[in-house]
Amino acid sequence: MLAIVNSLALVGLQGEKIQVEVDVSGGLPCFEIVGLPDTSVRESRERVRTAIKNSGFEFPAKRITVNLAPADLKKEGPGFDLPIAIGILVATGQLDNQLLDNYYFVGELSLEGTLRKVPGILPMACYFKKDTNYYLVVPEDCAIEAALAETIKVFGANSLSQIVSHLNKIEVMEPKSIDHNTLFSKVINDELDFAEVYGHEAVKRGLEVAAAGGHNVLLLGPPGSGKTMLAKRVLSILPSLQLEEALSVSKIYSSAGLLNATKPLITERPFRSPHHTSSAASLIGGGRVPKPGEVSLATSGILFLDELPEYRRDVLEALRQPLEDRVVTVSRVAAAVTYPADFMLIASMNPCPCGFLGDPEKECSCTPYQIQRYRSKISGPLLDRIDIQLEVPRIKYKDLEQQQKSESSREIKERVELARTMQRQRFKKHGVECNAQMTPKLVRKYCLLSSEAKSLLKMAFEQLTLSMRAHDRILKIARTIADLAGSEIIETEHLAEAIQYRILDKQQNII
């Protein structure tokens, strides 16, 4: 007898419908799975066999053939355990085929017949259009995550026998529902605050500009000057995550298997800080079957690269495309998938190998060649894509003794939120969220300069020998500074501040 059960597979961040075709016929007992399954899918034969027996059902001593259609799509993961088991029960007459109309099944089976969580449930649930008359049966630990999509009725089950009882209307399960507002109301994060940072007022101003416009930042300073401390606190002044952004980020974390039942929705902007030994695949994404990398996991948040020159050259150069396009396309023989990479890059580095170049307290021991070699690890095209470059000097003792309290993150965040609101209104017809995402066409349209500012920009372009990319990024920064000041026109003071954030353009001899 033939049974067809609906299931779902994950391709990149998209759910794909899979039909699990199960045929049970006479012949020597065997259990074959075809349809381009990977090792974890093939191993489901033993899990399914034992789970059916331990759930109190009969496993047929016949020839069982399972086909996962479409056959040209690579299938991976243990999520097909449940639909295969349901298909065998239907094919052997232990479950009525008519009961499966409009049902989709995803889940891993334990040997005792209970269900275990599988990754990627949220993007799978987003496969359906809203208000469709379908039902999705998943493990209980995944049910709230799937319900976030609000596109399909979701049932969370603990075991195979519970699902059979539900289908037979013996013990009907209730569909899961979730209140997004309840999840967002739990967001309280006051651990990191700019009020704890003494001195560095100019650096904090630069980071405020970066947060207001979504600009990438490079922090340049000696060891112990506070670069990492400052970078971690930028998260506290970024605008709060909106529901649509939270769902997009949660889909990425779901596909990577980083969501759990206690936190099914990412409600805070992510902060990713990969080690400098990370490979290009772990940072950008990839693998035999493509998976999202750190640049995708940092979407809508911050990617922090500490000690930037310590990363391998190929890893740094791989950042150029996602920094420009804000997406990553990973191509493999099996599939080509596109992941979002809309993050804010914050990088830090020392001015030289020993770290004390230009330090008034300690003498630098590096030769000019060593400094040149150290700085050249970061290519010009990559530096061009980093909008703001800030010097972080060593803190002085008098700054530690200051009585005046520094501005809190909450106060800075209010100004950032106002600037971002202006940008969202300005770009609402263009699909752009902040100034850093402006295309060259939008730069020409919205970065309007006063006559004095035009003269200053011309002089800076010629004297600093700026590239066109650096020229546009200065205009984007100036636009953000003008937004913070509530000005529609970019004045001379706005442009002058933007130019001074390009310190490495002034030091061409070090690149």
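Me: Is leucine 36 buried, partly exposed or exposed, and what is its relative accessible area?

Reply: Start with the cut-offs: buried means under 20% relative accessible area, exposed over 50%, and partly exposed in between (1.4 Å probe, protein chains only). Leucine 36 has a relative accessible area of 40%, so it is partly exposed. The model here is predicted: local features need pLDDT of at least 70, side-chain atom pairs count only at pLDDT 80 or more, and totals for chains, interfaces and linings use all residues. Residues are numbered from 1 along each chain as its sequence is written, and side-chain values use heavy atoms, with hydrogens and water left out.

Me: Where is leucine 36 found, and what is its phi?

Reply: Most residues other than glycine have a negative phi, and most peptide bonds are trans. Leucine 36 has a positive phi, near 60°. Leucine 36 is in the loop between strand S3 (30-34) and helix H1 (39-42). Helices (H or I, at least four residues) and strands (E, at least two) are DSSP runs, numbered from the N terminus.

Me: What is the phi of glutamate 307, and where is its place?

Reply: Glutamate 307 has a positive phi near 55°. Its place is the loop between strand S14 (302-305) and helix H13 (313-318). With a relative accessible area of 24%, glutamate 307 is partly exposed.

Me: Which residues does the cis peptide bond near omega 5° join?

Reply: Alanine 69 and proline 70 are joined by that cis bond, with omega about 5°. Proline 70 lies in the loop between strand S4 (63-69) and helix H3 (81-91).

Me: How do I read a helix, and which residues of H20 are buried?

Reply: An α-helix has 3.6 residues a turn, so residues three or four places apart point the same way. Helix H20 (residues 451-463) has 13 residues and reaches 19 Å from its first C-alpha to its last, close to the 18 Å expected at 1.5 Å a residue. The expected span is 1.5 Å times one less than the number of residues. Now the faces. Ala453, Leu456, Leu457 and Ala460 are buried in H20. Seen down the axis of H20, the buried residues fall within an arc of 100°, so they line one face of the helix. The arc is that of the directions from the helix axis to the C-beta atoms.

Me: Which residues are exposed on the other side of H20, and what covers its buried residues?

Reply: Ser451, Lys454, Lys458 and Glu462 are exposed on the other side of H20. The cover over the buried residues of H20 includes helix H21 (468-484) and helix H22 (492-500). Cover is read from contact, meaning heavy atoms within 4.5 Å. After H20 comes threonine 465, with a positive phi near 45°.

Me: Which residues of H18 are buried?

Reply: Helix H18 (residues 409-426) has 18 residues. Its span from first C-alpha to last is 25 Å, close to the 26 Å expected at 1.5 Å a residue. The buried residues of H18 are Ser409, Ile412, Val416, Ala419, Arg420, Gln423 and Arg426. Down the axis of H18 these buried residues fall within an arc of 110°, so they line one face of the helix. The face turned away from the buried side of H18 carries the exposed residues Arg410, Glu414, Leu418 and Gln425. Covering the buried residues of H18 are elements including helix H8 (201-213), helix H19 (440-446) and H21.

Me: Which residues is isoleucine 386 in contact with, its neighbours within four places in sequence left aside?

Reply: Isoleucine 386 is in contact with Asn216, Val217, Leu218, Leu345 and Arg502. Isoleucine 386 lies in the loop between helix H16 (380-384) and strand S18 (388-391). Its relative accessibility is 0%, so it counts as buried.

Me: Is proline 368 buried or exposed?

Reply: Proline 368 is exposed, with a relative accessible area of 69%. It is found in helix H15 (residues 368-375).

Me: What does the secondary structure of the chain come to?

Reply: The chain comes to 22 helices and 18 strands. Its C-alpha trace spans about 85 × 45 × 45 Å along the principal axes. Buried residues make up 52% of the 511 residues in the chain. Of contacts between residues at least 6 apart in sequence, 74% join residues at least 24 apart.
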